Amino acid sequence: MNIKILSANANLYSTKRLVEAAKARKHDVEVINHAKCDIVIEKKNPVIIYKGHKLDHTDAIIPRIGASVTFYGTAVVRQFEMLRVFTTTESQALVRSRDKLRSLQILSRAGLGLPKTVFTNYSKNVKEIVNQAGGAPVIIKLLEGTQGIGVILVETRKAAESVIEAFNNLQARVIVQEFIKEAGGADIRAFIVDGQVVGAMKRQGKEGEFRSNLHRGGTASVIKLTDEEETAALKAAKAMGLGIAGVDMLQSARGPLILEVNSSPGLEGIEQATGKDIANSIIKYIERNV
């Protein structure tokens with residue numbers, strides 16, 4: 001098969017591993033910078049131009065679209081879909097996953113456990129926002145934040161009200177979530193490919209840090225999911241319409257709580273923590289569908 005990996009950086013661990021896995025299974029593979037593709041739209045003739053050449057004879061794409069270029073990256077994925085090329089992440093699912101608020105609404109409708117979350121249109125009644133989230137401490141998140149950036153733990157009610165007011169004055173959209181103390185600064189990432197959990201790890205924030213992101217100095221170790229956690233992860237990926245997903249969960253006294261469903265989960269942390277060849281699972285997923 002001819003596989004294209006849509007990635008802005010061919011040297012990223014995830015991109016390199018996908019190239020290795022595709023070549024190991026005797027496929028032709030090429031890394032395409034989606035931000036440098038040109039889209040030509042005309043009647044029944046969708047075309048994608050890259051470096052002056054028309055991209056055709058493509059059997060499948062693996063979108064690795066960064067959050068900062070979601071709009072254009074999604075347009076490129078849609079153009080491939082118009083060419084009837086199989087994609088491991090569909091354009092509509094990609095758009096849904098990048099909208100934190102919409103994602104939470106979808107997961108809520110699917111009956112999944114979530115930290116209680118409050119969103120308002122810059123309400124001046126900040127005291128009531130904190131009350132609705134269960135009182136201090138609370139987590140305040142920028143809607144556009146990634147990798148733990150723009151996520152704040154606020155310990156007291158007064159501080160929470162001040163932070164919300166500050167974001168409101170800056171016209172910055174935030175959500176306010178209850179703080180799950182019993183999670184102990186750790187979360188679980190379940191990596192899902194084609195309706196199966198292919199790896200799971202527990203990420204622990206460094207001392208004094210409530211965020212468990214590996215980019216922020218957290219550590220990862222392999223974990224065996226409980227039946228309830230596995231069911232929640234699979235249900236979350238299905239609700240979001242994602243064939244490949246990184247489902248982040250908190251362990252709480254009331255069961256697993258979904259934090260986020262990532263449509264372009266990184267491979268480095270999960271492969272190193274579990275010792276599993278996740279990239280190979282993704283290539284096999286393509287083979288089953290093309």
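**A chat about a predicted chain**

Student: Hi! Which residue stands opposite Ile152 in S10?

Tutor: Hello! Ile140 stands opposite Ile152 there. Keep in mind that this is a predicted model.

Student: Noted. How many bridges join S9 to S10?

Tutor: Four bridges join them, and the two strands run antiparallel. Strand S9 covers residues 138-142.

Student: What is the strand order in that sheet?

Tutor: The order is S8-S11-S9-S10, in an open sheet of four strands with antiparallel pairing.

Student: And which strands sit at the edges?

Tutor: Strand S8 (117-118) and strand S10 (151-154) are the edge strands, and each pairs on one side only.

Student: What holds paired strands to each other in general?

Tutor: Strands of a sheet pair through backbone hydrogen bonds, and they can be parallel or antiparallel.

Student: Let's zoom out. How many helices and strands does the chain have?

Tutor: The protein chain has nine helices and 16 strands. Its radius of gyration is 20 Å, close to the 19 Å that the globule rule gives for 290 residues, so the chain is as compact as a globular protein of that length.

Student: What does the C-alpha trace span along its principal axes?

Tutor: About 60 × 40 × 30 Å.

Student: And what share of the residues is buried?

Tutor: Of the 290 residues, 50% count as buried. The accessible surface comes to about 14,400 Å², and 48% of that belongs to carbon and sulfur atoms.

Student: What about charges? How far apart are the mean positions of the positive and negative ones?

Tutor: They are 2 Å apart, with 40 positive and 31 negative charges in the chain.

Student: Which residues does Ala236 touch?

Tutor: Not counting residues up to four places away in sequence, Ala236 touches Leu107, Leu112, Val247, Ile258 and Val261. Take Leu112: Ala236 and Leu112 are 124 residues apart in sequence, but their C-alpha atoms are 7.3 Å apart in space.

Student: How much of the chain's contacts come from residues 24 or more positions apart?

Tutor: They account for 66% of the contacts with a separation of 6 or more.

Student: Now a loop. Is Thr89 buried or exposed?

Tutor: Thr89 is buried, with a relative accessible area of 3%. Thr89 is found in the loop between strand S7 (86-87) and helix H3 (91-98). Leaving aside neighbours within four places in sequence, Thr89 is in contact with Pro63, Val77, Leu94, Leu242 and Ser263.

Student: What is phi for His57?

Tutor: It is positive, about 55°, although His57 is not a glycine. Tyr122 also has a positive phi of about 55°, and Tyr122 is not a glycine either.

Student: Where do those two lie?

Tutor: His57 lies in the loop between strand S5 (53-54) and strand S6 (60-63). Tyr122 is found in the loop between S8 and H5.

Student: Why does Tyr122 count as buried?

Tutor: Buried means under 20% relative accessible area, and Tyr122 is at 19%, so Tyr122 counts as buried. His57, at 66%, is exposed.

Technical notes:
Residues numbered from 1 in each chain as written. Predicted model: local features only at pLDDT ≥ 70, side-chain atom pairs only at ≥ 80, totals over all residues. Heavy atoms only, no water. Rg over C-alpha atoms; globule rule 2.2 N^0.38 Å. Buried < 20%, exposed > 50% of the residue type's maximum accessible area, 1.4 Å probe, protein only. Contact = heavy atoms within 4.5 Å. Areas by Shrake-Rupley, 256 points an atom, 1.4 Å probe, with all protein chains shown as cover. Lys, Arg positive; Asp, Glu negative; His and termini not counted. Charge placed at Lys NZ, Arg CZ, Asp CG, Glu CD. Pairing = 2+ DSSP bridges.
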